[in-house]
Amino acid sequence: MPVQAGLLQAAVLLLEERARISEDDAERTAARNTAALLRRTLDDRRDGRTVPSS
């Protein structure tokens, strides 16, 4: 696995944990949305897409 993909996966895990434990609604929403965006980026890279999917 390339280092960049590994870093993105680690970031996703940290963001998902932050969304799970945060007591702040805005922080939970931001963490959840950012994690979802990073997951889509990882999926796009895995599938060979260079343009982000929507």
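The side chain of Ser-22 makes a polar contact with the side chain of Glu-27, at 2.6 Å (a polar contact is a pair of N or O atoms within 3.5 Å; within protein, one must be able to donate a hydrogen and the other to accept it, and residues adjacent in sequence count only if both atoms are side-chain atoms). This is a predicted model, where local features need pLDDT of at least 70 and side-chain atom pairs count only at pLDDT 80 or more, while totals for chains, interfaces and linings use all residues. Residues are numbered from 1 along each chain as its sequence is written, and side-chain values use heavy atoms, with hydrogens and water left out.

Ser-22 sits in the loop between α1 (3-21) and α2 (25-46); helices here are DSSP runs of H or I, at least four residues, numbered from the N terminus. With a relative accessible area of 7%, Ser-22 counts as buried (under 20%).

Leaving out residues up to four places away in sequence, Leu-38 touches Leu-8, Ala-11, Val-12 and Leu-15 (contact means heavy atoms within 4.5 Å). Buried residues of α2 also include Ala-31 and Asp-44.

Definitions and conventions: Helix = DSSP H or I, 4+ residues; strand = E, 2+ residues; numbered from the N terminus. Buried < 20%, exposed > 50% of the residue type's maximum accessible area, 1.4 Å probe, protein only.
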